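The following exercises are intended for a reader who is new to this structure. Each task is followed by a worked solution.

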Amino acid sequence: MCKIDNPYRPIETEVLDVIKETLNIKTLCLKPKEPMTFVAGQFIELTVPGVGEAPFTPSSNPLTKDIMEVTIMKVGKVTEKIHELKKGDTVGLRGPLGRGYPIEVFKDREILVVGGGCGLAPLRSLMYELFNRSGEFKKVFYRGGCKTPKDFLYRKEIEKWSERKDLNLRLTVDKKDKDDTDWKENVGVVTTIMDGIDMDFKNGIAVVCGPPIAMKYATMKLLNMGFRDENIYLSMEKNMSCGIGKCGHCRIGTYYACKDGPVFTYDKIKNFHGIWD
Amino acid sequence: MKYISTDNLFKLLNALKRDYNVYVPVKKGEQRFYKKYDEPSGDIRLGEVRTFEPLKAFFSRAREVVAKGFEPDTPFAQDKPLAIVGVKMCDLKGMKVLDHVFLDHDYKDPFYIKNREENLIISSDCTFAIETCFCLAMGVKPYPEKDFDINLSETTGGFIAETASPKGEALVKKHQRFFQAATAQHRKKRESRRNEVVKQVEENIKKNNVPYQDAFKGIIERNFESDIWNEEAKACVECGACNTICPTCHCFLLYDRKDEKKMERLRIWDSCMIKDFARVAGGANPRKKLWMRLRNRFEKKFDFFPKVADIYACTGCGRCISACPAKIDIRKVLRKLVDNV
């Protein structure tokens, strides 16, 4: 056995806490035994020992160095096991992997953040970063949507953001049930709250994260509004496995989402076929 | 240029056994397979054509442990480096593609690096072509001129031995007692042998109407929405043999298992023809249909790699042609793509 850096090795990590967010979404608070800092938008591979690993984007503040939060929807084999995890359990982490949001580029610009569903998780990390550096950006707009009020990730926290002076916030749900009487915000898909935004679209930055269908329509809307291809930042969900551009699973055209993304500007990928599939 | 007699070559292989696990091609039925070398035997074929299995198997193993739990040490499995003898030029080109993936990239793969650094490649000229050979169409000659440590060209009573790396040179120097200077006669013999094999491959290409790679520019983009993919995929049974047998296919699957309470992470060769290859846990799958996956395989080889690494990821070895139970023939697909303007 010889000591060179092994990119496939997970770092032993303690589950400090498990927070139930919605019916099928939980947030894990994780403490890796070796330091792991990340940039908002980068991702990690989370290992459930003996079960497997899956890619997630941290949802916590990048400034919080020793603890990382990851918000996870139960959708498959690994996430099912993740949802069974309890405080004190051991998991593995690899990363951070890929490229996140280039915050330096966002400086002195107007920023529109559009998120849907589980996409609000990585965006929370970005919002924290924008709040950390409040004042460095001209204006920040946040437009978030979920299926129903019950599915709204971090709802209480996000509703509090509406008190912030450095943020213009609107929320929506696709539909609400009769018992969702406390939902006073918009009802409709996320593009329905993207009108009437007072910003210079031509020079503005847009960040989109959500399910493929939401990303597609939000991007079309942004283009119609006048955003430039190269100013639209998309977080692409592909089957990232090795995380270092070798295993071949997450290829998008001439890129691998894991090492060249997962955050891409629209101009980089718009000519590839089936980017929204 | 040196000459080594067949007797001395086996003495050299015997000597190499001290530092290496030596692998040589042996003939079984109609095919040639790599076998661990022990002593000279009648089934060893140092010339002839490529083996059944691709060379990549010695560098990116079909199945290997890449992590043991959270242990910081990298779990290298190889006890001794390998000396792989009788490697053909098509497989050496395959290594160029793998080098791009595992070595020359932003991220390096410790397992591949170690194998690449330590393993010895003793290549050899093809002494004839088989029906599926079309290397010349892919810009690959049936004899190695570079990218080996030592190359052997069969000639009267032995081989011409050339070196193309410091490792190869050092080895020849160390064992110089086995070598002598190659004569003009030896070279002449090699020349005519090489020309003869080139002619055979050219005839193959002509007979099978295989397009040359100069005609490949834009064939994928141009045919992206073409019916060719659907037509070709109709017979495909999604076995993935074309992937595993291909000297340039590099995709792998990471999977974890629990072994006596200890977690191990393995990687195994994967196949982009399998339905779930690109599927995400949420259910989205960019390549739901089989024809999309067949197209993807060609896109990777004839669009992705030329764009990112300036190389077509096909070596003309013809392995996928013989391996495919549905008789999907890469030569015919390429012809259709080139002709569809």
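**Exercise 1.** Which strands of chain B are included in what covers the buried residues of α1(B)?

*Solution.* The model is a predicted one. Begin with the helix itself: α1 of chain B runs over residues 6-16, and its buried residues are B:Leu9, B:Leu12 and B:Leu13. Next, consider how these residues are arranged. Viewed down the axis of α1(B), they fall within an arc of 100 degrees, so they line one face of the helix. Finally, identify the cover, which includes β1 (2-5), β2 (21-28), β5 (82-87) and β8 (158-163) of chain B.

**Exercise 2.** Determine how the radius of gyration of chain A agrees with that of a compact globule, and describe the chain as a whole.

*Solution.* First, state the expectation: for 277 residues, a compact globule would have a radius of gyration near 19 Å. Chain A has 18 Å, which agrees. Second, take the extents: the C-alpha trace of chain A spans about 60 × 45 × 35 Å along its principal axes. Third, examine the interior: 50% of the 277 residues in chain A are buried. The secondary structure of chain A comprises 7 helices and 15 strands.

**Exercise 3.** Describe how domain 1 and domain 2 of chain A meet.

*Solution.* Start from the bounds: the domain assignment places domain 1 of chain A at 11-97 and domain 2 at 103-235. Their centres, taken over C-alpha atoms, are separated by 24 Å. Then count the contacts: 15 residues of domain 1 are in contact with 13 residues of domain 2. On the domain 1 side, the elements that give two or more residues are β1 (11-22) and β5 (68-73) of chain A. The residues of this side divide into 7 nonpolar, 7 polar and 1 charged.

**Exercise 4.** Which element gives the most to the side of chain B that touches chain A?

*Solution.* Between the chains, 39 residues of chain B are in contact with 41 residues of chain A. The elements of chain B that give two or more residues to its side are β4 (63-68), α2 (89-102), β10 (252-259), β11 (262-269) and α9 (290-309). Of these, β10(B) gives the most, with 7 residues.

Note on methods. Residues are numbered from 1 along each chain as its sequence is written. Chains are lettered from A and ligands numbered from 1 in the order in which they are written. This is a predicted model: local features need pLDDT of at least 70, side-chain atom pairs count only at pLDDT 80 or more; totals for chains, interfaces and linings use all residues. Helices (H or I, at least four residues) and strands (E, at least two) are DSSP runs, numbered from the N terminus. The radius of gyration is taken over C-alpha atoms; the globule rule is 2.2 Å times the number of residues to the power 0.38. A residue is buried if 20 or more other C-beta atoms lie within 10 Å of its own, exposed if 12 or fewer, and partly exposed in between; C-beta atoms are placed from the backbone. The arc is that of the directions from the helix axis to the C-beta atoms. Two residues are in contact if their C-beta atoms, placed from the backbone, lie within 7 Å. Domain bounds come from an automatic or database domain assignment. Ala, Val, Leu, Ile, Met, Phe, Trp, Tyr, Cys and Pro count as nonpolar, Asp, Glu, Lys and Arg as charged, and the others, Gly among them, as polar.
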